[in-house]
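Here are my notes on the model, as numbered points. Please read them with the structure open.

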Amino acid sequence: MSLNEALKRARKEAKVTQSQAAQAANVSLSMYQFYEYGRNEPTASVLIALADYFDVSLDYLVGRSDVAERR
């Protein structure tokens, strides 16, 4: 699974909007949308913020694991 697909999956499973996810990652809505559309890749700090917000592991968030491994 690609990074953009994994981001979208995690967000939908958390039942949050793109706007809420963007706010949690401290990025603009358009930047977050670029992540989900595969036009840009988030920095490590953004990925960590999103993993914390969605309460999933980084491996799950970036599509390296199908197990959320919630903390």
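1. Helices here are DSSP runs of H or I with at least four residues, and strands are E runs of at least two, numbered from the N terminus. The model is predicted: local features need pLDDT of at least 70 and side-chain atom pairs count only at pLDDT 80 or more, while totals for chains, interfaces and linings use all residues. Residues are numbered from 1 along each chain as its sequence is written, and side-chain values use heavy atoms, with hydrogens and water left out.

2. Helix α1 covers residues 3-14. Its 12 residues reach 17 Å from first C-alpha to last, close to the 16 Å expected (1.5 Å times one less than the number of residues). After α1 comes Lys15, with a positive phi near 60 degrees.

3. Leu3, Ala6, Leu7, Arg9, Ala10 and Arg11 of α1 are buried (under 20% relative accessible area, with exposed over 50% and partly exposed in between; 1.4 Å probe, protein chains only). Their cover includes α2, α3, α4 and α5.

4. Why is Arg11 counted as buried? Because its relative accessibility is 9%. Beyond four places in sequence, Arg11 is in contact (heavy atoms within 4.5 Å) with Val16, Thr17, Gln18, Ala21, Tyr32, Glu36 and Phe54.

5. Outside its four-place neighbourhood in sequence, Tyr32 touches Leu7, Arg11, Gln18, Ala21, Ala22, Val27, Leu50 and Phe54.
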